[in-house]
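Trainee: I would like to learn how to read a protein model step by step. Could you take me through one, please?

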Amino acid sequence: MTLKAQSQQMTEQPIDKANTDRVKQLSYRRAFMLVLKRDLTIAMRHKDDIINPLLFFVIIITLFPLGIGPEAQTLSRIAPGIIWVAALLATLLSLDRLFKSDHLDGSLEQMLLSPHPIFVLVLAKIFAHWLITGLPLILIAPLLAVLLHLDENSYTALLLTLLLGTPVLSLLGAVGVALTVGIKKGGVLLSLLVLPLYIPVLIFATSAIDTAALGLPYSGQLAIIAALFFGSLTLAPFAVGAAIKVSTN
Amino acid sequence: MPKPTSTPLISAVKLTCIREERLLFDELSLDIHPGDIVQVEGPNGSGKTSLLRILSGLSQPYDGIVNFKNQKINRCREEFQQNLLYLGHLAGVKGEMTAEENLKFNLALHGSCDNNSSVIDSATKNEQNTLAYLAKVNLSGFEDSLASHLSAGQHRRIALSRLYQSNAPIWILDEPFTAIDKQGVASLEALFTGHAQRGGCVILTTHQDLISINPDQIKKITLDYSYA
């Protein structure tokens, strides 16, 4: 939601002083919606993109009770960590597809050469990525939390941290993907680049959920995740745009 | 024929390009005026694609400047890109989308709705136009086929269909004839001639001779790695 609000805000700025027709044609919102719609269409026709990360998420989480044992107390103690680590890895798994196919078939070049500023197009792609991978994780997380006997008080905290945190994963991950997209086997490098950036989100998210389980206020941790979210929302698209320019050079 | 007095659409000043520690070209200067059809020639690996990418602003030259109407392209990127149509080796066509969706996206991405914004409002007219452009590249009947189900040549044709709509004066085309049949090549050549007559310019690389274009009209740039 916040992402959308942001994009609408940006459309207010006129781009081209010359003629109003051009402004209409080149409105940020139109460009944003255009790329968003395209990426969602492609994802719907290529369902692997949606199912793979989700399946991975579910499998990891269901394996833990099997490996550790069914004691409710142990599971509920480690539940926040498991859910968040799984979400993080599921996102990492899906990142590669964010720009790879566009790079391989030349669409990325065409986006760079379009008169629209690249950060708008990139932001749309990242938003689409979040809708495809982040949102399904959030929707299924409460169900998996039941499996892990997550403390009742923690559900709201779990959802809130995921809601604020998964976009951060998509945004920061996009920077890493953009940097490695030109490299043939960039997978390992991508993990090395991106995982350290994910650690703050992981720490504050799990800490918020743990605090909530104790019945204490966790707004401090949430505020930090929100800060990470807005920070990456405003800066990442520019970094990604610049990185793509370097990668295609 | 070129009019030397007019402002060049694109001019390059002393371009130097180095790839993999090899000097591809050095001190390459050229002026491209409205009405020019420029064919870049040279053996494989001689830097044709590199030159086109530098002219389109996708790559940075090792040294030298590219100007658009006497302004550095980095200074007037937005304006330059509105005046540019670049088609690379890779067609920029998504296999998961139909021919029609691909063309529509490409047109909208480049903000090129001709005859001004009225077209945007009348969606039906837009639709007819899209179909008409696909018909021009012999893809009628394939509008709703996924691009991944089409042949290599048809794939290429989807990308090329943009040319029929384009108002951009500068066309930079890297191997546009790859996988295109003889008839298709002939109609593209006719399109290039028409574009040049309307005051546009075409810069292309191809290993074929351009048959139906008057040889006097073609300017040739030959890149030859050996003498560099």
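Mentor: Let us begin with burial in chain A, where 52% of the 249 residues count as buried. Please keep in mind throughout that this is a predicted model.

Trainee: Which secondary structure elements does chain A have, and what pattern do they follow along the sequence?

Mentor: Chain A comes to 11 helices and zero strands, so that its pattern, read along the sequence, is α-α-α-α-α-α-α-α-α-α-α. Among its contacts between residues at least 6 apart in sequence, 79% join residues at least 24 apart.

Trainee: How many helices and strands are there in chain B?

Mentor: Chain B has seven helices and nine strands. Of its 228 residues, 56% count as buried, and residues 24 or more positions apart account for 70% of the contacts in chain B with a separation of 6 or more.

Trainee: How should I read the packing of two helices?

Mentor: Two packed helices are described by the angle between their axes and by the distance between the axes. Here, helix α3 of chain A (residues 28-45) packs with helix α3 of chain B (residues 99-109) at an angle of about 155 degrees, and the two axes are 10 Å apart.

Trainee: Are α3(A) and α3(B) roughly parallel or roughly antiparallel to each other?

Mentor: They are roughly antiparallel, because an angle over 145 degrees is counted in that way. The crossing of α3(A) past α3(B) is left-handed.

Trainee: Which residues make this contact?

Mentor: From α3(A) come Leu34(A), Val35(A), Arg38(A), Thr41(A) and Arg45(A), while α3(B) brings Glu101(B), Phe105(B), Ala108(B) and Leu109(B). Sorted by class, the contact of α3(A) with α3(B) has five nonpolar, one polar and three charged residues.

Trainee: What does Ser247(A) touch?

Mentor: Not counting residues up to four places away in sequence, Ser247(A) touches His103(A), Ala178(A), Leu179(A), Val181(A) and Gly182(A).

Trainee: What can I learn from the backbone angle phi of Glu20(B)?

Mentor: Phi of Glu20(B) is near 50 degrees, which is a positive value in a residue other than glycine. Glu20(B) has its place in the loop between β1 (10-19) and β2 (22-32) of chain B, and with a relative accessible area of 77% Glu20(B) is exposed.

Trainee: And where does Glu175(B) lie, and is Glu175(B) buried or exposed?

Mentor: Glu175(B) lies in the loop between β7 (170-174) and α7 (182-197) of chain B, and at 14% relative accessibility Glu175(B) counts as buried. Its phi is positive, at about 50 degrees, although Glu175(B) is not a glycine.

Methods:
Residues numbered from 1 in each chain as written. Chains lettered and ligands numbered in written order. Predicted model: local features only at pLDDT ≥ 70, side-chain atom pairs only at ≥ 80, totals over all residues. Heavy atoms only, no water. Contact = heavy atoms within 4.5 Å. Axes fitted to C-alpha atoms, helices over the stretch in contact; angles between N-to-C directions. Helix = DSSP H or I, 4+ residues; strand = E, 2+ residues; numbered from the N terminus. Parallel < 35°, antiparallel > 145°, perpendicular 65-115°, else oblique. Left-handed = near helix turned anticlockwise from the far one by under 90°. Nonpolar A, V, L, I, M, F, W, Y, C, P; charged D, E, K, R; others polar. Buried < 20%, exposed > 50% of the residue type's maximum accessible area, 1.4 Å probe, protein only.
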